[in-house]
Amino acid sequence: MIKYIIEILKVNSSVILPGFGSLMITNSKTGLITFNPHLKFNDGALAKFIAEKEGVDVQKAEVQIAGFVKEVEAELGKSDSYDMVDFGS
């Protein structure tokens, strides 16, 4: 999932993780990315992106995203951060 988040941020300046929040590039020169917990409605962009990359239907991609969000939330329940390899915390 992280690889898709990185890939979509190379094309778009933000990505919404449905039900969780959004990641936005706030400084294109430094690559600074911020998290917005308020922007969490499902715009379908990430699921569509994953579906196209993996050759699956959008519903399957949405299930993958929901699983990832659940994993992140579970980890955040144990600690104050979630580390994403090749991305950050």
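This is a predicted model: local features need pLDDT of at least 70, side-chain atom pairs count only at pLDDT 80 or more; totals for chains, interfaces and linings use all residues.
1. Three strands make up an open sheet, ordered β1-β2-β3, with antiparallel pairing. β1 and β3 (32-36) are the edge strands, and each has a single partner, so one side of each lacks a neighbour in the sheet. From one strand to the next the twist averages 25°. As background, strands of a sheet pair through backbone hydrogen bonds, in a parallel or an antiparallel sense.

2. The β1-β2 pairing. Four bridges join β1 to β2 (residues 21-27), in the antiparallel sense. Two residue pairs can be checked directly. I16 has S22 of β2 as its bridge partner. V15 has L23, also in β2, as its bridge partner. The two strands form a hairpin, with three residues between them. G19 sits in that turn and has a positive phi of about 80°.

3. The β2-β3 pairing. Here the antiparallel pairing runs over five bridges. M24 has T34 of β3 as its bridge partner. This pair of strands also forms a hairpin, with four residues between them. G31 is in the turn, and its phi is positive, about 80°.

4. Which strands does α1 touch? α1 packs on the sheet and touches β1, β2 and β3. The direction of α1 makes about 145° with that of β1.

5. S22 belongs to strand β2. Is S22 buried or exposed? Its relative accessible area is 0%, so S22 is buried; the cut-off for buried is under 20%. Neighbours within four places in sequence aside, S22 contacts V15, I16 and L17, and also T34, F35, N36 and L39. I16 in that list is the residue whose bridge partner is S22.

6. I33 lies in β3. Its relative accessibility is 30%, so I33 counts as partly exposed. Beyond the neighbours within four places in sequence, the contacts of I33 are L9, L23, M24, I25, T26 and F87. For scale, I33 and E54 are 21 residues apart along the chain, and their C-alpha atoms are separated by 25 Å.

7. Length of α3. Does the end-to-end distance of helix α3 agree or disagree with its residue count? The helix covers residues 58-78, which is 21 residues.

8. The buried residues of α3 are A61, I65, F68, V69 and V72. Viewed down the helix axis, they fall within an arc of 100°, so they line one face. The general rule is that an α-helix has 3.6 residues a turn, so residues three or four places apart point the same way. The face turned away from the buried side of α3 carries the exposed residues Q59, V63, K70, G77 and K78. The cover over the buried residues includes α1 (2-11), β1 (14-17) and α2 (45-54).

9. A61, one of the buried residues of α3. A61 is found in helix α3. Its relative accessible area is 0%, so A61 is buried. Which residues does A61 contact, leaving aside neighbours within four places in sequence? They are A47, I50, A51 and V56. A61 and F35 are 26 residues apart in sequence, with 22 Å between their C-alpha atoms.

10. The salt bridge. How many salt bridges does the structure hold? It holds one. The side chains of K53 and E7 meet in it, at 3.6 Å from N to O. The pair links distant parts of the chain, with K53 in helix α2 and E7 in helix α1, 46 residues apart. The distance falls within the 4 Å cut-off, so the contact qualifies. E7 is partly exposed, with a relative accessible area of 26%. In general terms, side chains of opposite charge can pair when their charged atoms come close.

Notes
Residues are numbered from 1 along each chain as its sequence is written. Side-chain values use heavy atoms; hydrogens and water are left out. The expected span of a helix is 1.5 Å times one less than its number of residues. Buried means under 20% relative accessible area, exposed over 50%, partly exposed in between (1.4 Å probe, protein chains only). The arc is that of the directions from the helix axis to the C-beta atoms. Contact means heavy atoms within 4.5 Å. Two strands pair if DSSP finds at least two bridges between them. Axes are lines fitted to C-alpha atoms, for helices over the stretch in contact, and angles run from 0 to 180 degrees between N-to-C directions.
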